[in-house]
Each structure stands twice: as structure tokens, then as C-alpha cells.
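My notes follow in the order I checked things.

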Amino acid sequence: MDAPTSAKMLTPLDDLWSRIDSILRARLRQDLYERWFSPLRPIALGDGRLQIGAPDRFHRDFVEDHYRSLFEDCVPSLVGERIRIVFAVDDAPRPMPSPSAAAPALTPSSTPALTPVPLPRTDGGPIDPRDSRPNPRYAFDTFVVGASNHFAFAAAQAVAANPGRTWNPLFLHGDSGLGKTHLLHAVAHAILEKSGGRVAIVSSERYTNDFVAALSKGTMDEFRRKYRECSALLVDDVQFLAGKDKTAEEFFHTFNELHDHHVQIVLSSDRSPKELKGLDERLCSRFEWGMRVQIEAPEFETRAAILKKKADVETIDLPDEVTQLLAQHIRSNVRELEGALMRLAAFASLKSEPITIQLARDVLSDVIPPEGYRPSIERIQEEVAGYYGLTVAKLTSASREQKIALPRQVAMWLCRELAKETLQSIAEKFNKKDHTTVISAIERVNTLRETDEGVKGALRALTSKLAP
Ligand SMILES: Nc1ncnc2c1ncn2[C@@H]1O[C@H](COP(=O)(O)OP(=O)(O)OP(=O)(O)O)[C@@H](O)[C@H]1O
């Protein structure tokens, strides 16, 4: 981490940062520290928050995803109060560390009062060409392929091998944290390697911000050059274009121009084009012109393989039984799976202990339930009611309306599967006289979970919430 430049004139921010730095430097493995923490620096302290700058957005996202809890654990004890940690991109040139900036001793009593310092401007600035660079960590060879994502992987590789000619656009969709961004960046790398030039890879939020900035500064020509003069355009999370009519219209014209010139377009979204509400139909129908592929939540073996690969890359010594424990309990989001691994590795490093089942259970108690844990029927009823926007009273009523009957059947199925309750006790908690209703509910859900996307999604989301 960049050290403050003068020990004599330490501001509260510099002083706090020196303390955080010396804790992390002293306790973390050196390679971990050098790689992720040394490039960070403090930006501002005040109004109950500490803002930390990372050199680019990949670095920021990684530290935010994986190490936020480390800061949340150590900073409040240094300042003696609750404090919010905010990560931002801060790529201004960094001063050389000064040898006089040795960290002060770590005595809580010498922690200075927190004097607010001005926060940096957040109003944009010139378009940074580096925004369009793909993240080097997201490549095809770091992506683990399994049944849940092999179509998406194959489509991404096909598009990268023959950009603009195979499927244009390629539209990847699926729940959060399942690897859509990873594949987008992998395609961008491969196209850059193959044909050079410039690829424009951007989140739809960034695209929107750039568009708004260009409008207000009168730099539309520059904006259009950025997004139209490229060998591929890859836009992440296009669902955020919904409701932003002017931006979506500009994107529509960009899409048409690139498509007409056989420039590859790759898009990702958390839902399919048909489900994109609030977005011009002409645009949504264009999203279906090429290939649309859904990425599903990875199955157990893929989750375990992802953990193994990640541990290899980060040189983390991860025993098989801990891999299995994590893969068994963290099911629906690879980002959370990776986050758990990194949190575990950081704590093992801080405590100078090897990674064991016990350490995993201690550190990850929020995502790994105690052995033998089963949710109660009441908890299942609450979660199911919340998921479907009902009250528990409605869920357990005698109503036969489909919008209540289906959630009730889902809840009964979960009570049997997760809570392992008897048919009779489930019937009682749903105000049914006998258990034949429960049997029919379970049979219906068993059929629907094979055929109905809505039920499949509900069971996945509810299971991961109730039995993490
Ligand atoms: N199959 C996989 N193999 C290796 N890493 C994966 C895989 N799937 C996801 N990841 C990793 O999980 C993390 C989250 O993935 P990513 O950001 O691509 O998800 P996403 O689908 O774009 O999520 P969101 O919709 O929230 O943006 C990344 O670090 C990514 O490298």
C-alpha cells in the first residue's frame, strides 16, 4: 500500500492507513500482500467512511469481492467506531513511498480523532481508454467448464474464433455470479490476440455514463468513435439499459452499424431478451438475431473444480475435504464461492494456520450452517411467502388460487426435502386435515421442477437461502 509521504504531517487518514498497512503487512502472506494490498491507497476518511483506492476497476472489484471483510474486521477496532469501507478506482500517479513514513506503533490509544477530509470528485472526467481493456484474469483457460455452462463456453469460443461471422450477437444470460463477465472478457482477449486492433468492452452502466458525459460535454463524435471504431463490442449487464431511453436509442444505432459491418457484438444480461422489460422491442428482437445461451448454476463437481483451480492460481493449500464442504454449501453463485475461498485463505494467513474443516466452519459460519442444521417449517413458510410476495397467512390459507396454491406446494416440497419433516406435521402447519394434500403437492413439484423454469428458479433460490 502506498505509504504517506511525511511522518511529521500525518493526517488522520495517513495515520489510519499506516496502521492498517502495518497490520496487513505483518500478518498476511507476503505474495498475497504484494499482489492485492500493496497497490491500494487511502483516498478519504470522514462521515463514517473510509474510501480506499485501487489502481483499476478489476483490482477494485477483486478486493471488494474477496477482502472487504478483512478491512471490516480490522478497521473499526483501530478507529474505535463503526466505519463503512468504500472501494473506488483511483489511478492517479502514485508517489514513491518515503522511508520516513514508518508506521506508528499499533496502540489503540494513540488512534487520532477522525477529522473528515474532503472526498474526491465523482463527476466522471475524460473517457479512459484503459476501460476498454479486458481483465487478464478472465480468460478461456481459467474458466472451468461443466454441464451448466458448456454451451455458453462453446459459443463464446466459436465467436472468438470467427468474430462477426458465426453468431452475431452472442447473448449470454443467467443469474448473477455465474461467469458471464468472465466469458465476455475471454472473448475480448481471444479477439485481440487473433486480430489485434481495439475491442470495446464495457458495462452498460459505464456505457450510459459515457453517453451522458458525451452529451453534456458535446463530445458525441469521440463517444461514437470509441464504441463504433472497434473490432468487437462487448457490453456487460445490458438489463441496465432498460428505462434509459436515450442511451438505449444510441445503443440501437451503434448495434445496427456494427452488425451491418460484421463487427462482433457480445452481450450479457441477468435475463433473456424476452424478459427485458422497459427496453425497446426493436433492440430486444435484435438481441435474438444471433445466438442466445443461458448459463445455469454450476453443479457440485464444477463448483469443486472451480475451487481447485482458483486455489491453484492463488497458491492456496486447500484440502479436498474443505473443497467439498464449500462446494456442497455454496451453490448458486460462483462469486460467493470464490469469495468464501479468499476469505478463508486470508484468515488462515492472518492466523498462520493451515486451512482445515474447523477453520472453514468458524470463518464461514454465515454461509456454512452448523452440522445437522435443518430449517424449520415456519422459516420455510416465511422465505417462500417472501419470495412470491405473499404473506404467511395467505400461504397457509385454504385458497385454491394458482398464485397461492403453487407457492404453497413449493413450500410443502421444501419442508419435506430440507426440513425432513413428516407428511403429517407438514399438513398440520399448513392447516390441512390429512397428509394427502402434501403428497400431491410433492408429486406436482417433482414434475414441475423438470419442466417449469419458474419453479426451477424458485427451488434453486430458496434452497440456497434456506440450506446454504
Ligand atoms: N466456470 C467458471 N470457472 C472459473 N471461474 C468462474 C466460473 N464462473 C464464474 N467464475 C468466476 O466467478 C466470478 C463471478 O463471475 P462473473 O463476474 O463473470 O459473473 P457474472 O455472471 O457476470 O455476474 P453478474 O451478473 O453479477 O455481473 C468471477 O471471478 C469469475 O471468474
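Which residue in strand 7 is the bridge partner of Val-235? I looked it up and found Leu-267. I note here that the model is predicted.

**Entry 1: pairing around strand 7.** I went through the partners of this strand on both sides. Strand 6 (residues 232-236) pairs with strand 7 (residues 264-269) in the parallel sense, and I count four bridges for the pair. Besides the Val-235 and Leu-267 bridge, I noted Leu-234, whose partner in strand 7 is Val-266. Strand 4 also runs parallel to strand 7 and is joined to it by four bridges. There I wrote down His-173, with Ser-269 as its bridge partner in strand 7.

**Entry 2: burial of strand 7.** Is strand 7 enclosed or open to the outside? I found six of its six residues buried, so strand 7 is largely enclosed by the rest of the structure. In a regular strand, side chains alternate between the two faces of the sheet. I checked the directions in this one: Gln-264, Val-266 and Ser-268 point one way, while Ile-265, Leu-267 and Ser-269 point the other way, and all are buried.

**Entry 3: helix 5.** I looked at what this helix crosses.

**Entry 4: the ligand.** Which residues come nearest to the ligand? Out of 18 around it, I listed Ser-176, Gly-179, Lys-180, Thr-181 and Val-334. Helix 5 and helix 12 (334-351) are the elements that give two or more residues to this shell. By type, I sorted the shell into six nonpolar, seven polar and five charged residues. Domain 2 (129-294) and domain 3 (300-363) each supply at least three of the shell residues.

**Entry 5: the chain overall.** The protein chain holds 19 helices and eight strands. Of its 468 residues, 36% are buried. Taking contacts between residues at least 6 apart in sequence, I noted that 74% join residues at least 24 apart.

Conventions. Residues are numbered from 1 along each chain as its sequence is written. This is a predicted model: local features need pLDDT of at least 70, side-chain atom pairs count only at pLDDT 80 or more; totals for chains, interfaces and linings use all residues. Two strands pair if DSSP finds at least two bridges between them. A residue is near a molecule or strand if its C-beta atom, placed from the backbone, lies within 6 Å of it. Ala, Val, Leu, Ile, Met, Phe, Trp, Tyr, Cys and Pro count as nonpolar, Asp, Glu, Lys and Arg as charged, and the others, Gly among them, as polar. Domain bounds come from an automatic or database domain assignment. A residue is buried if 20 or more other C-beta atoms lie within 10 Å of its own, exposed if 12 or fewer, and partly exposed in between; C-beta atoms are placed from the backbone. Two residues are in contact if their C-beta atoms, placed from the backbone, lie within 7 Å.
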